[in-house]
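Hi,

Here is the structure I promised to pass on.

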Amino acid sequence: MTDPTDPRTDKTLAFPPALRVHGSRHAAFVPLVAAAEVPAGTMRRVTIGELDLLVARTPEGIVVVDDRCPHMSAPLSLGSLDGCVVACPLHEGRFDLCSGGTVQMPTTGGLDADGTYHPTWSPVGREPKVDPPGLKAEARRLTRVRRFRYYPVRVVDGTIEAALPTD
Ligand code: FES
């Protein structure tokens with residue numbers, strides 16, 4: 001349970017500067033949600049206009065990214081959070097919210113952030129998956145799993161705020 005008197009409680013994640021959301025450097029901070037509504041080890045979706053955001057409280061701090069899987073955009077808020085790692089509900093991809101990187105490639109395979117190809121795979125105990133040839137397989141093969149992009153975050157008077165680009 002979050003202790004609101006603990007000054008470390010509301011620390012924000014120091015994400016890699018190169019992974020900042022484009023256009024957010026001089027953007028205005030917008031209130032998202034009360035910090036108390038995102039206890040340690042949890043995450044939730046917050047929608048602002050057309051933006052669906054994932055607000056998570058990891059052991060390294062509070063983080064805000066798009067609520068879209070870096071693979072095929074499924075809402076990560078429907079997945080699960082284990083430490084810094086969020087698991088996508090769609091293709092078993094697992095992604096590190098603290099580093100921005102991929103921990104486990106999706107079952108569909110595809111390209112990692114560096115452009116290296118990874119084949120399809122099946123979870124332990126299931127039949128090996130055979131990807132039939134064709135346009136869909138080609139699309140899966142060429143889908144690149146990107147790194148997270150981060151919104152700058154701060155906590156003001158118990159409210160989590162993020163810098164959201166306005167144009
Ligand atoms: S959409 Fe998340 S792993 Fe595919």
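Thr159 in strand 12 is the bridge partner of Ala34. Before going on: this is a predicted model, where local features need pLDDT of at least 70, side-chain atom pairs count only at pLDDT 80 or more, and totals for chains, interfaces and linings use all residues. Numbering starts from 1 along each chain as its sequence is written.

Strand 1 and strand 12 run antiparallel and are joined by five bridges. Strands here are DSSP runs of E with at least two residues, numbered from the N terminus, and two of them pair if DSSP finds at least two bridges between them. They belong to an open sheet of three strands, ordered 1-12-11, with antiparallel pairing. Its edges are strand 1 (29–34) and strand 11, each pairing on one side only.

Elsewhere, strand 2 (residues 43–48) pairs with strand 3 (residues 51–58) over six bridges, also in the antiparallel sense. Ile48 sits opposite Leu51 of strand 3. This hairpin has two residues between the strands, and Gly49 takes a positive phi near 60° there.

Asp157 is exposed (12 or fewer other C-beta atoms within 10 Å, with C-beta atoms placed from the backbone), because it has 8.

Cheers

Notes. Buried ≥ 20, exposed ≤ 12 C-beta atoms within 10 Å, placed from the backbone. Helix = DSSP H or I, 4+ residues; strand = E, 2+ residues; numbered from the N terminus.
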